[in-house]
Amino acid sequence: MVSSTTMRMSDQREDQATPQALSNTAGFRSLRSHGVVARVETAPVKAAVEDFSFYYGDFKALKSISLPVHEKRVTALIGPSGCGKSTLLRAFNRMHDLYPGNRYEGAIRLHPDNTNLLSPGVDPIEVRMRIGMVFQKPNPFPKSIYENVAYGLRIRGEGNRSVLDDRVKEALQGAALWSEVEHRLHDPATALSGGQQQRLCIARCLATNPEVLLFDEPTSALDPIATASIEDLIHELRDKVTILIVTHNMQQAARVSDYTAYMYLGELMEFGETSQIFVNPTRKETEDYITGRFG
Amino acid sequence: MNTPSSASAASLPPLVVSDRLAKKALRHFKERFIEMLLFGAASVSVLTTVGIIWVLVSESYHFFETVPLWSFLTDTMWTPLFADPHYGILPLLAGTLTTSLVALIVAIPLGTTIAIYLSEFARPAVREIVKPFLELLGGIPTIVYGYFALTVVIPMLQLLIPGLSGFNMLGAGIVMGIAIIPYVSSLAEDAMRAVPMNMREGSYAMGGTKLQTALRVVMPAALSGILSAYILGISRAVGETMIVAVAAGMQPNFTLNPLESAQTISAYIVQVALGDLPHGSIGYQSIFAAGLSLMLMTLSLNLVGHVLRRRYREAY
Ligand SMILES: Nc1ncnc2c1ncn2[C@@H]1O[C@H](COP(=O)(O)OP(=O)(O)OP(=O)(O)O)[C@@H](O)[C@H]1O
Ligand SMILES: [Mg+2]
């Protein structure tokens with residue numbers, strides 16, 4: 001529905017931008033000058049949210065949301081607190097199944113196989129094997145750094161030491177953590193700093209090659225330097241994996257994402273390329289939220 | 001020495017004498033009074049402990065004036081009531097260790113399994129039903145367990161193991177294990193439930209099953225609390241008295257074979273305390289030496305527990 005707006009030309013957007021919107025898009029424009037945004041139009045859909053509603057008991061937290069998630073792109077979910085961003089994100093890996101009384105309606109289809117992730121016939125564990133998640137607060141397991149990264153492989157039955165060694169190293173490199181921990185792989189993960197722990201959690205996901213990575217405010221518990229390193233990392237990861245990120249930080253959304261979805265009170269208000277949403281939102285509410293006049 | 005304090009006193013603002021000061025004094029008095037009351041309450045437990053240790057040590061001192069410590073620790077016979085008395089703690093120690101070991105082989109796996117089930121698997125409704133039963137199990141007087149061992153468990157064991165004596169450490173140990181399950185399971189369960197949900201979510205999000213999450217994430221995260229639960233269970237087993245007094249037999253027996261009957265340190269103490277040995281006799285004093293040994297054992301267990309807790313304490 002709203003995705004038609006994504007096809008506009010970028011220079012048109014800038015002409016129509018309000019001064020407030022422009023001041024908020026500095027991060028985004030610096031990315032675009034590196035040619036990052038130019039490839040947005042070509043991405044196929046990796047997951048499609050179709051008329052999805054969600055209930056916590058009787059409370060309808062999400063109201064018929066439809067949203068494409070493009071392959072090997074970063075999609076940001078933004079919106080005021082309590083609008084349902086986390087609820088939507090946690091539907092992708094069926095996290096809501098862990099608690100009684102929750103109910104899904106509609107579908108989230110994962111391509112290429114077109115599986116409806118929410119279908120009762122689909123095993124949530126199968127879903128979670130394909131979709132990784134990084135939480136707001138770093139939550140390393142009470143194990144060594146090595147065993148944290150190896151966890152996903154071990155529970156998948158991988159016991160071969162040399163395979164594990166290789167995959168752990170690869171994942172830690174992928175999460176830009178290898179050089180910091182290569183000499184203390186067997187130290188407890190809790191000895192790492194907050195930012196390192198969060199990168200460890202990312203490495204933990206990467207080790208099993210997920211198709212989609214979910215991030216729920218991954219930097220809200222981190223200092224600016226650690227935040228910058230996570231953002232850089234997300235930037236690198238978009239070549240390998242489809243990313244969905246919830247963030248409260250508009251600059252962050254502008255810096256790291258290709259697409260942005262603005263949610264409000266359980267509804268999807270607007271979805272489009274980040275460039276369009278930030279420079280030339282079609283709805284007044286989106287613009288107010290982005291420019292900080294509301295939210 | 002004097003200069004800094006007088007200097008700081010001089011720099012204080014001058015006191016204003018007023019009603020407020022009187023109120024302040026009254027409040028101060030009340031605070032002090034309550035503090036003293038609380039301190040008094042806390043002292044009771046400290047004083048009791050000190051008193052017990054004092055009695056144990058002083059009476060044992062008299063005992064060790066007659067019986068050399070070395071023979072107490074190495075003699076393999078404990079026959080204080082014989083004409084030729086021997087005071088070797090080893091047979092009682094062997095009885096205590098064997099019954100405790102049997103009890104732990106029962107209580108640790110079962111207690112841990114129950115804790116995992118209640119904390120990670122049971123629906124709230126089931127938990128609400130099971131927990132009161134466990135508490136009930138923990139509230140049954142141990143003498144009742146003793147007769148349960150003697151009249152139910154040991155006869156059943158005799159069917160399985162022909163020729164088994166009517167009093168044996170196996171039966172007593174098994175029942176003692178059942179009796180301490182609630183202590184192990186409730187502490188271990190508390191420790192596991194204290195593990196924050198985001199730790200479990202991390203494991204589920206990786207594709208972990210419930211069992212994998214419980215065993216590979218929740219249990220290691222709760223390790224310090226689970227170890228404390230085990231240590232408490234061990235202390236209970238070592239100090240447990242009535243079950244072994246009733247069902248394990250009353251004969252000191254230097255053996256680690258659970259199929260035999262034997263006496264534990266605690267059972268010996270009851271036997272003598274209830275008997276009619278004259279106060280001050282060496283036989284009577286032997287119970288203080290035995291009690292001191294028992295207390296040193298549980299004390300060192302508590303120390304081990306403390307060290308383990310510190311060592312494995314998790315920062316979530
Ligand atoms: N477990 C739950 N039970 C009932 N209602 C819930 C539950 N979790 C969230 N909600 C409600 O669902 C709505 C959406 O919550 P959600 O956590 O998805 O918001 P959010 O957009 O992620 O907010 P924030 O930015 O503060 O994290 C809120 O109204 C919230 O109160
Ligand atoms: Mg949230």
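Q: What share of the residues of chain A count as buried?
A: Of its 295 residues, 57% are buried. Buried means under 20% relative accessible area, exposed means over 50%, and partly exposed is in between, using a 1.4 Å probe and protein chains only. Keep in mind that this is a predicted model, where local features need pLDDT of at least 70, side-chain atom pairs count only at pLDDT 80 or more, and totals for chains, interfaces and linings use all residues. Residues are numbered from 1 along each chain as its sequence is written, chains are lettered from A and ligands numbered from 1 in the order in which they are written, and side-chain values use heavy atoms, with hydrogens and water left out.

Q: Thanks! How many helices and strands does chain A have?
A: Chain A has 13 helices and 10 strands. These are DSSP runs numbered from the N terminus: helices are H or I with at least four residues, and strands are E with at least two.

Q: And what percentage of contacts in chain A comes from residues 24 or more positions apart?
A: Counting contacts in chain A with a separation of 6 or more, 68% are between residues 24 or more positions apart. Contact here means heavy atoms within 4.5 Å.

Q: Let's pick a helix. How many residues of helix 6 of chain A are buried?
A: Helix 6 spans residues 145-155 of chain A, and 9 of its 11 residues are buried. Among them are Ile145(A), Tyr146(A), Val149(A) and Leu153(A).

Q: What covers those buried residues of helix 6?
A: Both chains take part: the cover includes helix 7 (161-174), helix 8 (178-181) and helix 9 (194-206) of chain A, along with helix 8 (197-205) and helix 9 (210-221) of chain B. Helix 6 of chain A is then followed by Gly157(A), which has a positive phi near 95°.

Q: New topic: which residues surround ligand 1?
A: The surrounding residues include Tyr56(A), Phe59(A), Lys85(A), Thr87(A), Glu217(A) and His248(A). A residue makes that list if one of its heavy atoms lies within 4 Å of the molecule.

Q: Which backbone atoms lie by an oxygen atom of ligand 1?
A: A backbone N or O atom of Gly82(A) is 2.8 Å from a ligand oxygen. A polar backbone atom of Gly84(A) is 3.0 Å from an oxygen atom of ligand 1.

Q: What about a polar side-chain atom?
A: Glu217(A) has one that lies 3.4 Å from an oxygen atom of ligand 1. These pairs are polar contacts, meaning N or O atoms within 3.5 Å; within protein, one must be able to donate a hydrogen and the other to accept it, and residues adjacent in sequence count only if both atoms are side-chain atoms.

Q: Where does Glu217(A) lie?
A: Glu217(A) is in the loop between strand 7 (212-216) and helix 10 (224-237) of chain A. Its relative accessibility is 12%, so Glu217(A) counts as buried. Glu217(A) is not a glycine, yet its phi is positive, about 45°.

Q: Why point that out?
A: Most residues other than glycine have a negative phi, and most peptide bonds are trans. Lys72(A) also has a positive phi, near 50°. Lys72(A) sits in the loop between strand 2 (59-70) and strand 3 (74-78) of chain A, and is partly exposed at 35% relative accessible area.

Q: Which peptide bond is cis?
A: The one from His111(A) to Pro112(A) is cis, with omega near 10°. Pro112(A) belongs to the loop between strand 4 (102-110) and strand 5 (115-116) of chain A.

Q: Over to chain B. At what angle do helix 10 and helix 13 of chain B pack?
A: Helix 10 (residues 223-239) and helix 13 (residues 282-312) of chain B pack at about 175°, with their axes 9 Å apart. That makes these two helices of chain B roughly antiparallel. Angles under 35 degrees count as roughly parallel, over 145 as roughly antiparallel, 65 to 115 as roughly perpendicular and the rest as oblique. The axes are lines fitted to C-alpha atoms, for helices over the stretch in contact, with angles from 0 to 180 degrees between N-to-C directions.

Q: Which residues meet there?
A: From helix 10 of chain B they include Leu227(B), Ile231(B) and Val238(B), and from helix 13 of chain B they include Met297(B), Leu301(B) and Tyr312(B).

Q: Last one: is Thr96(B) buried or exposed?
A: Thr96(B) is buried, at 1% relative accessibility. Thr96(B) is in helix 4 of chain B. Beyond neighbours within four places in sequence, its contacts are Val238(B), Thr264(B), Ile265(B) and Met297(B).
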